[in-house]
Amino acid sequence: MEREGEEIHVTETEAKAGNRGNHARNILVISLFLAIIILSAMWITGALNAPQDHRQDGISNQASPTPSPTP
């Protein structure tokens, strides 16, 4: 830090109170990939464990048709 009369001059590192680094960006990127992996695993295991539709059951995942209103 230098003082020239009323002005104070500081270096870039002193003004930022630290060094430039990629630490925060690396943490954000790693966290993003972990979140994608965990959510994908939850979605895939849920899809694999869900009851499947079999033709011989006579049950489908479609909504049953509603009867037409009679006047």
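Which residues form a negative surface patch? The answer is Glu-2, Glu-4, Glu-6, Glu-7 and Glu-14. This is a predicted model: local features need pLDDT of at least 70, side-chain atom pairs count only at pLDDT 80 or more, and totals for chains, interfaces and linings use all residues. Residues are numbered from 1 along each chain as its sequence is written, and side-chain values use heavy atoms, leaving out hydrogens and water.

**Layout**
- The protein chain has two helices and two strands, taken as DSSP runs (helices: H or I, at least four residues; strands: E, at least two).
- Their order from the N terminus is β-β-α-α.
- Glu-2 sits in strand E1, residues 2-4.
- Helix H2 spans residues 23-49 and includes Ile-36.

**Confidence**
- Mean pLDDT for the protein chain is 80 (the predictor's confidence in each residue, from 0 to 100).
- A score of at least 70 is reached by 77% of the residues.

**Surface**
- Of the 71 residues in the protein chain, 0% are buried (under 20% relative accessible area; exposed is over 50%, partly exposed in between; 1.4 Å probe, protein chains only).
- Carbon and sulfur atoms hold 60% of the accessible surface of about 7300 Å².
- Val-29, Leu-32, Phe-33, Ile-36 and Ile-37 make a nonpolar surface patch of about 480 Å².
- Patch residues have over 30% relative accessible area and no salt bridge; like charges are joined within 9 Å, nonpolar side chains within 5 Å.
- A salt bridge puts a side-chain nitrogen of Lys or Arg within 4 Å of a carboxyl oxygen of Asp or Glu.
- Ile-36 is partly exposed, at 44% relative accessible area.

Terms used:
Areas by Shrake-Rupley, 256 points an atom, 1.4 Å probe, with all protein chains shown as cover. Lys, Arg positive; Asp, Glu negative; His and termini not counted. Charge placed at Lys NZ, Arg CZ, Asp CG, Glu CD.
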